[in-house]
Amino acid sequence: MTAVSLRRPPSGVHADPLAGRFLGAYLVSLLLHGLLLFGLAGGWLRSAPREDKPPVYYVDLIHKPVLNPQAGRPEPRVAAPVSTPVAPVARVEPKTVLPSKSLPTERKSAKVAAGHVSNALQKLRDEQALQQKFAALRQAQAVPIETPVGLPDARGNEAGVTSLVYVQAFIQQNWALSPYLLADPAKMARTEAWVRITYGKGGRLESFRFEKESRDPQFDESIKRALAKSKQLPSELPVRLEDILVVFNLKALAELRR
Amino acid sequence: MPKQPRSLTLILAVLFALLLLAGCASKTKPATEPAATPPAPAPMATTDLTQQPVARGVESQPVQSGPVADHQAVAGLTRIHFPYNQFTLDDTARVTLEQNAVYLRNKPAEKVAIEGHCDDRGSDEYNLALGERRAVAAKNYLVSLGIAAERLSVISYGEEQPLVAASNEEAWSKNRRAEFKAVR
Amino acid sequence: MKRFCSLLFLLLTVCWANGAAAAEIEISAPGEQAIPLALTRFLPQTGAPAPAVAEELNAALAADLDLAGLFRFLDPQAFLSDAGRIGLFSTEVDFDQWRLLGAEVLIKGVYSVQGEQLTVEARLFDVPNGRLLTGRRFVGRTQDVRRIAHAFADLILKDLTGEAGPFDARLAFISNRSGHKELWLMDVDGHNPIRLTDHRSIVLNPDFSSTGKELLFTSYRAGNPDLYRKEIFSGGEARIAAYSGLNIAGRYAPDNSAVAATLSRDGDPEIYLLGRDGALRKRLTTSFGIDVDPSWSPDGRQLAFVSSRLGSPQIFIIDLASGAARRLTANGKYDATPAWSPKGDRIAFTRQEGGRFDIYSIRPDGSDERRLTFGPGNLEHPRWSPDGRFLVYSSDAGGKKLLMVMRADGTGARKVTAPGGDASHPAWSPVW
């Protein structure tokens with residue numbers, strides 16, 4: 001009741017104070033719900049595409065870190081145009097392919113008794129059928145895949161990788177941890193440590209600090225060793241990487257060993 | 001008395017090992033001088049297998065001949081065989097046991113040890129148990145045929161004493177058996 | 001209205017802060033699953049060099065560390081000048097040389113032989129951080145060289161994993177090398193075998209007490225499979241259970257307070273609880289089938305055992321307090337010799353399939369069954385190392401029975417027995 005009496009002065013504009021109060025409460029509720037919905041939807045919208053990102057298939061350290069790496073895979077796979085002409089050739093004119101592919105076999109079969117010739121021919125025919133099957137398979141495989149193969153967040157036109165990917169690959173390469181070192185291998189999938197690192201533009205690891213330690217001292221030790229080995233990147237960075245969160249875990253390893 | 005120096009050296013070796021451990025445990029201070037114990041020969045280095053007929057045990061009686069030699073196969077008693085991983089008596093085994101019972105009835109003074117055996121497939125301990133079940137099955141059948149239970153003892157050798165030392169179906173079927181040995 | 005605006009602002013900022021993707025990297029597997037290790041040759045400190053001693057030290061240490069599976073050994077051919085220098089302190093080691101080779105851990109050491117006395121100083125260094133991890137000075141006799149290496153290997157594992165290795169221990173096993181099946185003892189890597197019994201009969205199935213000072217085994221010495229207890233150092237031996245029928249497969253309780261064994265005194269092989277002196281305490285199983293091969297859980301509250309109550313041998317677990325038994329393995333037709341790991345997390349056993357035994361392991365709740373070996377031959381009698389890292393077992397591949405050791409996940413299998421006779425029924429002692 002005290003709240004009602006306190007609210008009365010500002011809502012006194014209306015003739016019916018009770019209806020005004022209800023309207024006010026209704027508006028507040030509506031607004032708050034709207035905000036909540038907006039916030040949730042916004043968060044979801046922003047996080048959704050990140051989850052849908054195609055997996056990174058490979059990352060190499062041959063490419064230098066650049067500011068604007070090229071996006072994905074612009075052209076279709078190389079295998080497609082190569083294998084398509086092979087298949088019709090094999091199908092349309094099998095006999096031209098036959099001798100060129102198996103000259104030594106034929107020479108041998110000429111030397112052996114005549115009875116073996118038909119055998120050899122049959123063998124060759126089988127081989128050819130197999131080749132055709134392979135070609136068909138290759139063709140089926142060569143259907144363009146929608147998923148881009150390159151870097152997920154690449155937009156630019158420079159040849160190279162993003163600094164983050166570069167640093168990730170470098171640290172991972174320096175991280176050596178035997179599963180036999182873990183205190184509890186059964187908890188492998190749940191072992192995780194968060195480290196904030198800062199790399200200067202020159203590629204020097206300026207600082208690192210554990211934001212969340214795993215419960216496994218050996219796991220944390222191995223990360224410290226990896227970071228000690230990653231003190232200096234082999235290449236300069238296009239930007240300074242400040243307070244990057246590196247999440248170390250063994251999810252992929254646990255998956256592998258399952 | 002070859003036994004005493006042995007145990008003495010053993011004790012010395014143990015003492016030495018303890019000293020060594022104590023030395024290991026202290027990292028900073030110099031290790032304990034092993035000179036405190038006279039240089040005893042290591043137990044592992046001096047064990048001569050051929051010249052140790054007497055056990056180093058407390059009850060080191062002269063070794064009797066093994067239990068196998070104790071019991072002689074009885075001419076009138078025929079061994080019986082069993083199916084794989086089974087201790088049930090089939091018809092052939094029953095007939096054999098009935099003949100054995102006739103023999104035992106004619107020789108009321110004879111005491112018999114029934115040995116249960118298995119083929120070498122299967123776990124050793126499980127086979128020891130299985131061998132015993134086979135021997136007990138044979139004994140029970142003989143008892144049911146009127147042989148006094150006191151005359152029959154049971155022992156299992158599991159897969160330790162195969163009749164035929166080979167790993168094939170024929171050897172296995174021969175090795176799955178119960179034997180009857182006279183007890184002296 | 002102002003209040004609403006500020007609330008809106010607050011909510012929005014919270015949303016933004018949550019949504020704004022802070023630069024983040026996830027590394028979900030190490031680049032290498034083994035630690036690059038540089039194991040240098042031990043160098044003579046004072047006195048004359050003894051290459052044989054250094055050779056033996058390095059070989060025993062390398063074998064232990066290789067079995068541990070933690071390391072990738074760097075090729076000694078690639079070592080630079082620091083490998084030839086004595087370095088017992090981190091200030092004396094040129095870590096840059098080792099960083100260049102990609103080493104993460106470095107083992108250096110020196111030895112000196114004075115008459116019969118052997119002194120070994122061994123060190124383990126962390127290369128990336130350039131610091132000493134652990135080190136110790138060992139003093140012994142020249143014939144203790146392998147023991148020193150094993151003790152240092154245990155220490156290395158202790159430092160790197162927090163749990164010492166099981167290498168400075170012994171294996172008890174049964175060998176017929178002398179013509180009869182007798183109880184033997186040897187190093188974990190198969191060196192220095194000694195015979196413990198002279199029963200000239202059949203000795204079977206040894207088990208160590210948790211102190212490692214006593215062994216339990218079955219012997220036919222008195223004409224019946226009876227249970228014996230033997231003190232290793234005094235040599236004292238006593239027959240503790242000689243009930244009529246079987247007295248086999250004795251296993252010390254984890255606290256040494258009792259013994260579980262299979263007796264058939266009641267006409268049927270069942271599992272009993274005995275005192276350490278063999279006094280009968282309690283019959284644990286009452287099934288009509290065969291019940292053998294008990295193995296204690298590390299807390300001493302449960303026993304895994306083999307029972308044929310469902311026809312074929314299967315592994316069951318009995319709760320000692322309630323007496324309730326449950327079936328553990330459901331997939332095999334013939335499962336035997338369970339061995340509960342000292343950590344309690346898994347039970348190793350053998351399974352016969354296609355006429356051959358292989359080793360498996362399973363969680364005590366019956367989940368996550370894994371096949372660890374794939375032949376050849378019959379692989380039986382798995383027993384755990386005291387740290388639960390390794391399994392020792394017997395193999396008859398190639399005709400002769402011999403002992404093998406592997407990691408608990410089935411990798412790294414290797415022979416441990418020297419040739420000569422058949423070896424079986426291994427048991428791994430606690431750390432000596």
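The model is predicted, and the values below are computed from it. Chain C and chain A bury about 3,700 Å² between them, and a search of the whole structure finds 55 salt bridges over all chains.

**Interface of chain C with chain A**

- The contact between these two chains involves 41 residues of chain C and 39 residues of chain A.
- Carbon and sulfur atoms give 60% of the area of about 3,700 Å² that is buried between chain C and chain A.
- On the side of chain C, 19% of the area buried against chain A is supplied by Ile25(C), Ile27(C) and Gln33(C), which is more than any other three residues supply.
- Four salt bridges are counted between chain C and chain A.
- Lys229(A) and Glu104(C) form a salt bridge through their side chains, with an N to O distance of 2.8 Å.

**Helices H7 and H8 of chain A**

- Helix H7 (residues 163-174) of chain A and helix H8 (residues 217-229) of chain A cross at roughly 120°, and their axes come within 8 Å.
- H7(A) and H8(A) are therefore oblique to each other, and their crossing is right-handed.
- From H7(A), the residues Phe170(A), Ile171(A) and Asn174(A) meet Ala226(A), Leu227(A) and Lys229(A) of H8(A), a set that divides into four nonpolar residues, one polar and one charged.

**Helices H4 and H5 of chain B**

- In chain B, helix H4 (residues 91-106) packs with helix H5 (residues 124-144) at an angle of about 55°, the axes being 10 Å apart, and that angle makes H4(B) oblique to H5(B).
- The crossing of H4(B) and H5(B) is right-handed.
- H4(B) contributes Arg94(B), Leu97(B), Glu98(B), Asn100(B), Ala101(B) and Leu104(B) to the contact, while H5(B) contributes Ala138(B), Tyr141(B) and Leu142(B).
- Sorted by class, the contact of H4(B) with H5(B) holds six nonpolar residues, one polar and two charged.

**Helices H2 and H4 of chain C**

- Helix H2 (residues 51-68) of chain C and helix H4 (residues 145-161) of chain C have axes that come within 8 Å and cross at roughly 35°, and the crossing of H2(C) with H4(C) is right-handed.
- Among the residues that make this contact are Leu57(C), Leu61(C) and Leu65(C) of H2(C), along with Ile148(C), Phe152(C) and Ile156(C) of H4(C).
- The contact of H2(C) with H4(C) comprises 13 nonpolar residues, one polar and three charged.

**A salt bridge within chain C**

- Arg41(C) is joined to Glu55(C) by a salt bridge in which the closest N and O atoms are 3.1 Å apart.
- Because Arg41(C) lies in the loop between strand S2 (35-39) and strand S3 (43-44) of chain C, whereas Glu55(C) belongs to helix H2 of chain C, the pair ties together parts that are 14 residues apart in sequence.

Key: Residues numbered from 1 in each chain as written. Chains lettered and ligands numbered in written order. Predicted model: local features only at pLDDT ≥ 70, side-chain atom pairs only at ≥ 80, totals over all residues. Heavy atoms only, no water. Axes fitted to C-alpha atoms, helices over the stretch in contact; angles between N-to-C directions. Helix = DSSP H or I, 4+ residues; strand = E, 2+ residues; numbered from the N terminus. Parallel < 35°, antiparallel > 145°, perpendicular 65-115°, else oblique. Left-handed = near helix turned anticlockwise from the far one by under 90°. Contact = heavy atoms within 4.5 Å. Nonpolar A, V, L, I, M, F, W, Y, C, P; charged D, E, K, R; others polar. Buried area = accessible area lost by both parts, 1.4 Å probe.
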